[in-house]
Amino acid sequence: MDIRAPRVLIPVLVIALLVVFPLATTGFYLEFTTKVMILAIFALSLELLVGATGLVSLGHAAFYGIAAYATVLLSPKYGAASAFWLLPAAIACSALYALAVGALSLRTKGVYFIMVTLAFAQMAYYVIHDTELGGGTDGIYLNVKPEVALFGWKLVELGKPVVLYYVVLGCLLLVFVFLVVLLRSRFGRALAGIKDNEQRMRAAGFSTFRYKLTAFTLAGALAGLAGFLVAVKDGFVNPEMLSWHESGAVLLMLILGGMGRLSGAVLGAFTFALLQLFFQWDAVFGNFSKHWQLLLGGTIIASVALMPNGLIGLPAQWRAWRARKLAGGADA
Amino acid sequence: MDVQIFLIQVLNSVQYGLLLFLVASGLTLIFGIMGVINLAHGSFYMIGAYLAYSLAPAFGGNFVLTLLAGLVLAVIFGYLLELLFVSYLYKRDHLQQVLMTYGLILVFEELRSILVDNDVHGVPVPPWLAGSISLGDLMQYPEYRLAISAVCLVVAAGMYFVIARTRLGMMIRAGNSNREMAQSLGIDIKFLYRVVFAAGVALAVLAGMIAAPVSSVYPGMGAQVLIICFVVVVIGGIGSVRGAFLASLLVGFVDTFGKVLFPEVAGIAVYLLMAAILLWKPEGLFKQG
C-alpha cells in the first residue's frame, strides 16, 4: 500500500464523519461538537504562532475573548446585527489588540515573551472584568443573534443549532485550508525559517520582526473568528473567556495533539474536550467528578513527562521505542 | 493628598512591594539558574496562605510556631517537587515547562479544594502585633503591616548576604551566569537546583503565610500574584535578584498609588508600566548574563 494513503484517507474520513454527524444526533452532542470545532479554530490560530513560528504565547485567550465581547457589545440591544459587518468588526478588534500586543511583546524573546503575552492578556481581562464596559464577573448576554441576510432575505439561520454546526464546520475547513496554503507560501516558509534560526533569517535579509508581527496579528484575527463564533453559539460571554486558564488550555490542546502539524491542533482540541467531558462524567467518577481538574492536571503532567511529541507523535515514538528494543535484543 | 495619607500609602506600597519581592525573587532565581519557567510559583503563595490558616489550630494559634512549621513543610515540599516533577523539565523547551507547571497548578488548586475548601477565610493577626502606631494626630497604621515589611527586609538582607558573601551564593551566581561552565568547574548542579528550588518555594510560602492575616485566604490568590510577579521579573530582568527587588518596589508604588489617584484604571497601571519599560529596555532593567 502506498505509504501516503493514510494522510489523504484520514482527513477525508474525518470530514465525511463531521458532515454526516448531525444526521445521527441532535441536542447535546451536536452542540458539543460545534463547540469543539470552534475550539479547534482557536487552537489552529495558536498553532500558527507556536507550531509554525516558534512563538509560545500564553495570552492567546485575550484575542478570543475580545472578539466575543466585541460581538456582543457591538450588536444592537433589541435587534439583529448583520453578520456581514459584525464579523469583520469583531475580528478587527482582536487583530488590533494583537497588533499592539505583538508590537510590544515581540521585542522580547523566549521566556520573556511568554510572560509578557500573559501579562497583556491579563490586562485585557482586568479591563473587561473590572470596568463598566464588560458587565463585570457576570458577563453579558447577546439578546439577538446576528443575521446573515441579503436584501431582506435570510440566507442562513444562525439560531438553529444544525445550521450553526455547518457554518462552524465550514469555517474550520476554511481556516485549515487557509493555513495549509499560507504555510506553504513564501510567507509560511519564512516563518518556518524564523522558528528554525531567526539569526540566519535576518542574515538572509528578512525583516523577521515584520514577519512575526504579521503572524501574531493574523493569529489574533483567527482567534477572533473563533471568539465571534462562540459568542454567537452561546449567546453569552463572560470574563473567564479571556482568563489565563483559557490560554493555558489552548496551549495544552496543541501539545496534546502534537506541535508542528495543523492536524495536531484539531486532534488536540477534540482530545482535550473529550478528556474534560470524560473527567466530568459522574457515572465513572461519581462524586469525584467535581474534582475533574485534578485528573486533568495529572493527565497534563503525565503527558508532558511521557509524550514529548503529543498524540500525533505517538506512532513515531512507538516505532523508535521498538527499534531501540530490537537493537537492544540484537546486542543480547 | 495630605502628608499623612501620603505617608500611609508609601508604607502600603513598600509593604506590598516587599511581599512581591519574596515571591518574585524565587521565580527569577529558578528561571535564572535552572532555566525553568514556573507557572506554579503563584500556587506556592496560595499554599502558604492556606497553611497559615489550617496549621494555626494545631499550634494553638501561635503565629511564630505556625510560620516555622510552614517553612519546614515548604522546604520538604519544594525538595520533593523538584525531585518528582521539575527535574523532568531541564532539558525540555519552554512550552513543555509551561504545560507541566500549568498542570501542577490545576492539581494544587483541586487538592486545596479537597483538603480545605473553596471558601474565603480570615487568619487572625497575632495579638502581640494587633495594635496600631499613630502617625501624627489622627492617622493610625497597623503594626502588623510594619512587621511584614520588617520580615521581608530581613529576608532580603539575608538573601543578599547568602548570595554575595557565601560559598553557596558563589555557586548560585556562577550557575546564574553560565550553567554549563559552572557544572564543568565541578559544582554539583543537581544539588544546587534542589537548594534553589526549595528556597524559592519556601520564600513564596513564607510570603503567603505572612500575607494571610492582611489579605485573607481565597482560592484565586495564587494566579493574581503569579502574574504580577511575571511583570516584576520582566521589569527587573530575568535572573537578577537586585532587579527583582527594585522592580517589586516600583510595582508596589505604581499599583498602590494607581489605586489612590486613578481608581478607574488602577488594574492596568502596572501593565502600562511594563509596556513602557519594554519600549525602553526590552530585557528589563538589570539583565543577567
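How many bridges join strand E1 of chain B to strand E2 of chain B, and in which direction do the two strands run? Four bridges join them, and the strands run antiparallel.

## Confidence

The model has an ipTM of 0.84 and a pTM of 0.87. For chain A the average pLDDT is 87, with 96% of the residues scoring at least 70. Chain B has a mean pLDDT of 87, and 99% of its residues reach 70 or more.

Within chain A, confidence is lowest in strand E3 (residues 153-156), where the mean is 72. It is highest in H9(A), at 95. Within chain B, the lowest confidence falls in E1(B), at a mean of 79, and the highest in helix H2 (residues 41-55), at 92. Where pLDDT is low, predicted coordinates should not be read in detail.

## The strand pair in chain B

Strand E1 covers residues 132-135 of chain B, and strand E2 covers residues 139-142 of chain B. Across the pair, Ile133(B) stands opposite Tyr141(B) of E2(B). Ser134(B) has Gln140(B) of E2(B) as its bridge partner.

E1(B) and E2(B) form a hairpin with three residues between the strands. In this hairpin, Gly136(B) takes a positive phi near 70 degrees.

## Helices H7 and H9 of chain A

Two packed helices are described by the angle between their axes and the distance between the axes. In chain A, helix H7 (residues 186-196) and helix H9 (residues 208-234) have axes that come within 10 Å and cross at roughly 110 degrees. H7(A) is therefore roughly perpendicular to H9(A). Their crossing is left-handed.

On the side of H7(A), the contact is made by Ala190(A), Leu191(A) and Ile194(A). H9(A) contributes Thr208(A), Tyr211(A), Lys212(A) and Ala215(A). Sorted by class, the contact of H7(A) with H9(A) has five nonpolar residues, one polar and one charged.

## Helices H1 and H10 of chain B

In chain B, helix H1 (residues 3-34) packs with helix H10 (residues 241-261) at an angle of about 140 degrees, and their axes are 7 Å apart. That angle makes H1(B) oblique to H10(B). H1(B) passes H10(B) in a right-handed crossing. The residues of this contact divide into 15 nonpolar, nine polar and one charged.

## Where the chains meet

The contact between the two chains takes 36 residues from chain A and 35 residues from chain B. On the side of chain B that touches chain A, the elements giving two or more residues are helix H4 (94-115), helix H9 (221-236) and helix H11 (266-280) of chain B.

Which element supplies the largest share of that side of chain B? The largest share comes from H4(B), with 16 residues. By class, the side of chain B that touches chain A has 28 nonpolar, five polar and two charged residues.

Key
Residues numbered from 1 in each chain as written. Chains lettered and ligands numbered in written order. Predicted model: local features only at pLDDT ≥ 70, side-chain atom pairs only at ≥ 80, totals over all residues. Axes fitted to C-alpha atoms, helices over the stretch in contact; angles between N-to-C directions. Parallel < 35°, antiparallel > 145°, perpendicular 65-115°, else oblique. Left-handed = near helix turned anticlockwise from the far one by under 90°. Contact = placed C-beta atoms within 7 Å. Nonpolar A, V, L, I, M, F, W, Y, C, P; charged D, E, K, R; others polar. Pairing = 2+ DSSP bridges. pLDDT = per-residue confidence, 0-100.
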